[in-house]
Amino acid sequence: MGDNPSRSVNATAGDLGVTSNGHAQGAGSGMSPSSYEPPLGGGGALPKKTRFSMETGFRGLSTAAGSMVLVIIVAIAVFLVSKAVPALQDNTANFLTEKTWFPNDAEPVFGIAALAFGTLLSSVIALVIAVPIALAIALFLSHYAPKRLATPLGFVIDLLAAVPSVVFGLWGRDVLQQPVREFSVWLNHYFGWLPIFGGEGPFGQSIMLGGLVLAIMVLPIVTSLSREVFQQTPGMNEEAALALGATRWEMIRTAVLPYGKPGVIAAVMLGLGRALGETIALALTLGITFNISFNLIQNGGNSIAANIANTFGEANSTGRGALIASGLVLFAITLVVNMTARAIIYRRREFRDSAA
C-alpha cells in the first residue's frame, strides 16, 4: 500500500494537497504561492490579448467608413446652406410659397412651391403605375415562375436599373410622347369633365408622360427588393397554409404578403426617393411651367431637379444660389424619405441583416 499516495486533511486550509514525493499535503503547508503554476488547459493557458489584431483593425475600419458617410452628409448640408443663404436674403418673395422663378432679375423673385408640387406629383404618379406591376412581377418570380425562367428574367429586370436616365428621357420624348398624346386626347374627349383630364390642349409633354417614364425607372428597384422580401418568407408558414387547404393565391395573401409588408413599404419608399431626385428624364419630357395644377394631360409640369438642369447654365450668382436653395429642399425631402424607409425596415427583426 506504500505505492499509493496517502491523503490527509489540512486543518488550516480545509483542502487536499499532494507533495512532489507522492504524499498528501495541505495547500497551505509547505508550498509557497509563488511556486504554484495553474495546470495547462485552464485559464492560465489562454494567450494574452494582443494590443492590435485583424479583428480590431477591421472593426476600426468599418467604424471609420460608417462615420465617413455621416461626415459627407453633414458636409453636403453645410455646403448647401452656406451657398443658399445669400440668395435667400436677396429674395423679395416667400421662398416656400412663391410659384414664380425669376432669380436673375434686379429684384429676385423666386419660390419652391410649384417645383415641389411638380416633383411630388410626378413621383406619386410613377409609384401608382409602377408599384402594382412591380409587386406582380416579384410574386411571379418568387412563387410562380420556374427557376430556369425566374433567374434570367430577374437579371433582365435588374439591368433596367443600369440604363442611364438620359436614355430613358430621350426614349420617352421620341417614342412615348406620341402615344401619350393620342391617349391624352382620348381621355380629354371622354373624361374631360374631370379636372385631371380637362383642358384645351396641347397635350403630350405632360405630367403623365413624365410620370410614366419615372415609373419605368423605379420599376427595377421596387421589383428587386420586393422579390427578396417575398423569398425570405419562412417555408413553414407557406406549407402550413397549403396544408390547411389554401390555394396558392390564398397562401400568398395570408402568409407571404403580411410577412413582407414592411419590406414592401420600404421598397416603395426607396423607389420614391429615386423618383424624387430624377433630373434629365423629366427635363426632357415635361413642358416646364411654373404653376400648380392637377391636370395630368396638358403640357406643363416641372420639378426641382429638372429646373436645376434647365436653368443652371444661364443663372447669375443669385440664380445659382436660388437653385442651390431648391436643391437643399430636395436634399431634405429625399433624406426624410430614405430615413423613413430605413425605420420601417428596422421595425422587423427579420429584415435587419438584409438592410445592413
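These notebook entries record what I looked up in the structure above.

**Basis of the entries**

I worked from a predicted model, in which local features need pLDDT of at least 70 and side-chain atom pairs count only at pLDDT 80 or more, while totals for chains, interfaces and linings use all residues. Residues are numbered from 1 along each chain as its sequence is written, and side-chain values use heavy atoms, with hydrogens and water left out.

**Salt bridges**

I searched the whole structure for salt bridges and noted 4. The criterion was a side-chain nitrogen of Lys or Arg within 4 Å of a carboxyl oxygen of Asp or Glu.

I looked up Arg59 and found it paired with Glu55, with 3.0 Å between the closest N and O atoms. Both residues belong to helix α1 (residues 54-90), and because they are 4 residues apart, about one helical turn separates them. I took helices (H or I, at least four residues) and strands (E, at least two) as DSSP runs, numbered from the N terminus. For burial I used relative accessible area with a 1.4 Å probe and protein chains only: buried is under 20%, exposed is over 50%, and partly exposed is in between. On that scale Arg59 is partly exposed at 46%, and Glu55 is exposed at 56%.

I then turned to Asp158, which forms a salt bridge with Arg227 at 3.5 Å between the closest N and O atoms. Asp158 lies in helix α3 (residues 147-159) and Arg227 in helix α5, so this pair ties together parts 69 residues apart in sequence. Asp158 is partly exposed, with a relative accessible area of 29%, whereas Arg227 is buried at 12%.

I also noted Arg274 and Glu278, whose side chains meet in a salt bridge of 2.8 Å, N to O. Arg274 is partly exposed at 30% relative accessibility, and Glu278 is buried at 3%.

**Aromatic pairs**

I listed the ring pairs and recorded 6 in the structure. Rings of Phe, Tyr and Trp (its six-membered ring) pair if their centres lie within 6.5 Å; planes under 30 degrees apart count as stacked, over 60 as edge-to-face and the rest as tilted.

Phe117 is in helix α2 and Phe294 in the loop between α8 (280-285) and α9 (304-311), so the pair ties together parts that are 177 residues apart in sequence. Phe117 is buried, at 19% relative accessible area, while Phe294 is exposed, at 53%.

I found a cluster as well, in which ring pairs link Phe183, Trp186, Tyr190 and Phe191.

**Nonpolar surface patch**

I looked for nonpolar residues on the surface and found a patch formed by Phe140, Tyr144, Leu149, Trp249 and Leu257, with about 450 Å² of accessible area together. Patches are made of residues with over 30% relative accessible area and no salt bridge; nonpolar side chains (Val, Leu, Ile, Met, Phe, Trp, Tyr) are joined within 5 Å, and like charges within 9 Å. The areas come from the Shrake-Rupley method with a 1.4 Å probe, and for residues only the protein chains shown count as cover.

Helices α2 (113-144) and α7 (248-276) each supply at least two residues of this patch. I checked Trp249, which is in helix α7 and is partly exposed at 46% relative accessibility.

**Single positions**

I looked up Ala266, also placed in helix α7, and found it buried at 1% relative accessible area. Its C-alpha atom is separated by 6.1 Å from that of Ile344, 78 residues apart along the chain. Leaving aside residues up to four places away in sequence, Ala266 touches Ala341, Ile344 and Ile345, contact meaning heavy atoms within 4.5 Å.

I next placed Thr233 in the loop between α5 (207-231) and α6 (235-243), where it is buried at 6% relative accessible area. A polar atom of the Thr233 side chain lies 3.0 Å from the backbone oxygen of Phe230. Beyond residues up to four places away in sequence, Thr233 touches Glu238, Ala255, Val256 and Tyr259.

Ile288 is partly exposed, at 30% relative accessibility.

Conventions
A polar contact is a pair of N or O atoms within 3.5 Å; within protein, one must be able to donate a hydrogen and the other to accept it, and residues adjacent in sequence count only if both atoms are side-chain atoms.
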